[in-house]
Amino acid sequence: MGLILRRCLTLLAYLAMIQVCFGSLNSAGKVQLDFYYESLCPYCAKFIINELPIIFQNGLIDIVDLRLFPWGNARLTSNNSFTCQHGPTECLFNSIEACAIDTWPNLDKHFPFISCVENQVSEGNYTQWKTCFKELGLNPKAVTSCYKGEYGKKLQLKYGALTAALEPPHQYVPWVVVDGEPLLEDYENFVSYICKAYQGTPPSACKKESFESVSRKRTAHVARVCYTEQTAKAQFLVNLWSSITSWLDHMI
């Protein structure tokens with residue numbers, strides 16, 4: 001009996017060591033949630049302020065790895081320079097938010113700051129964004145030094161390269177990707193995709209009664225996105241052709 005007990009204890013110790021080194025054998029990996037955006041797109045701001053905070057409710061954050069990519073529809077020009085869809089102010093705020101992510105890598109620090117900044121921007125309070133430092137008890141020194149210097153530009157170019165590497169290429173922002181799959185215009189239903197992708201025991205946020213309270217349905221024929229220049233041109237041609245064919249149908 002003593003020998004059997006010793007062997008059992010040895011086996012238990014061995015299993016415990018495996019769990020410490022490699023994690024629970026039954027644990028599932030987190031679902032990757034990637035959000036590509038630009039700071040002055042109103043739909044991006046609304047998504048950050050009103051939708052993304054859902055992941056911090058009902059245990060959803062335990063199964064999600066959220067990454068933010070502040071670049072959006074900006075374009076590279078000559079000599080590693082770039083322009084932003086909504087002008088220089090957007091480039092500035094993209095850089096500020098990129099610096100925040102770099103300064104505070106933990107999501108629980110940089111996301112509240114970015115959400116606060118986006119809230120100020122969405123309300124037109126462009127000059128009040130620095131109040132977010134005080135509101136959240138954050139030291140502004142590192143972020144300020146970053147966005148005012150060359151490092152902020154380097155971060156922007158990094159996010160530009162990561163956005164350009166998307167496959168398929170993004171057509172607009174918000175561009176939400178769950179485990180490598182873009183959600184396209186159904187991005188507001190991102191929670192449903194996360195819950196479907198997760199392989200482990202789902203948190204309460206994924207239960208039907210909880211999930212239905214946060215699920216969003218798209219308004220028919222309304223695209224809540226900021227198109228890239230190329231997509232906007234293509235969409236214009238599609239709409240023009242649709243109008244022409246509709247007119248011809250009525251003429252016949």
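Let's start with glutamine 120, whose place is in helix α4. Glutamine 120 has 13% relative accessibility, so it counts as buried (buried is under 20% relative accessible area, exposed over 50% and partly exposed in between, with a 1.4 Å probe and protein chains only). Before going further, note that this is a predicted model, in which local features need pLDDT of at least 70 and side-chain atom pairs count only at pLDDT 80 or more, while totals for chains, interfaces and linings use all residues. Residues are numbered from 1 along each chain as its sequence is written, and side-chain values use heavy atoms, with hydrogens and water left out.

**The chain as a whole**

- You'll find 10 helices and 8 strands in the protein chain (these are DSSP runs numbered from the N terminus: H or I with at least four residues for helices, E with at least two for strands).
- Of the 252 residues in the protein chain, 40% are buried.
- Take the contacts in the protein chain with a separation of 6 or more: 72% of them are between residues 24 or more positions apart (contact means heavy atoms within 4.5 Å).
- The protein chain has an accessible surface of about 14,800 Å², and carbon and sulfur atoms hold 56% of that (areas come from the Shrake-Rupley method with a 1.4 Å probe; for residues, only the protein chains shown count as cover).

**Helix α3 and its partner α4**

- The axes of α3 and helix α4 (residues 107-122) come within 9 Å and cross at roughly 165 degrees (axes are lines fitted to C-alpha atoms, for helices over the stretch in contact, and angles run from 0 to 180 degrees between N-to-C directions).
- That angle makes α3 roughly antiparallel to α4 (under 35 degrees is roughly parallel, over 145 roughly antiparallel, 65 to 115 roughly perpendicular and the rest oblique).
- From α3, the residues Phe93, Ile96, Glu97, Ala100 and Ile101 meet His110, Phe113, Ile114, Val117, Glu118 and Val121 of α4.
- Sorted by class, this contact of α3 with α4 has 8 nonpolar, 1 polar and 2 charged residues (Ala, Val, Leu, Ile, Met, Phe, Trp, Tyr, Cys and Pro count as nonpolar, Asp, Glu, Lys and Arg as charged, and the others, Gly among them, as polar).
- Back to glutamine 120 in α4: setting aside neighbours within four places in sequence, glutamine 120 is in contact with Asn125, Tyr126, Gln128, Trp129, Thr131 and Cys132.

**Helix α3 and its partner α6**

- Helix α3 (residues 88-103) also packs with helix α6 (residues 141-148), at an angle of about 135 degrees and with the axes 9 Å apart.
- α3 and α6 are therefore oblique to each other.
- On the α3 side, Leu92, Ser95, Ile96, Cys99, Ala100 and Thr103 meet Ala142, Val143, Cys146 and Tyr147 in α6.
- The classes in this contact of α3 with α6 are 8 nonpolar, 2 polar and no charged residues.

**Two residues to look up**

- Lysine 153 sits in helix α7 (residues 150-164), and at 28% relative accessibility it counts as partly exposed.
- Although 61 residues separate lysine 153 from leucine 92 in sequence, the two are 9.6 Å apart in space, C-alpha to C-alpha.
- Not counting residues up to four places away in sequence, lysine 153 touches Asn79, Asn80, Ser81 and Phe82.
- Threonine 228 is in the loop between β8 (226-227) and α10 (229-251), and it is buried, with a relative accessible area of 7%.
- Beyond its neighbours within four places in sequence, threonine 228 is in contact with Asn73, His170, Gln171 and Tyr172.

- Most residues other than glycine have a negative phi, and most peptide bonds are trans.
- The peptide bond from glutamate 167 to proline 168 is cis, with omega near 0 degrees; proline 168 lies in the loop between α7 and β5 (172-173).
- Another cis peptide bond, again with omega near 0 degrees, runs from valine 173 to proline 174, and proline 174 is in the loop between β5 and β6 (175-178).
- Asparagine 58 isn't a glycine, yet it has a positive phi of about 55 degrees; look for it in the loop between α2 (42-51) and β2 (64-70).
- Leucine 184 has a positive phi too, near 55 degrees, and its place is in the loop between β7 (181-182) and α8 (190-197).
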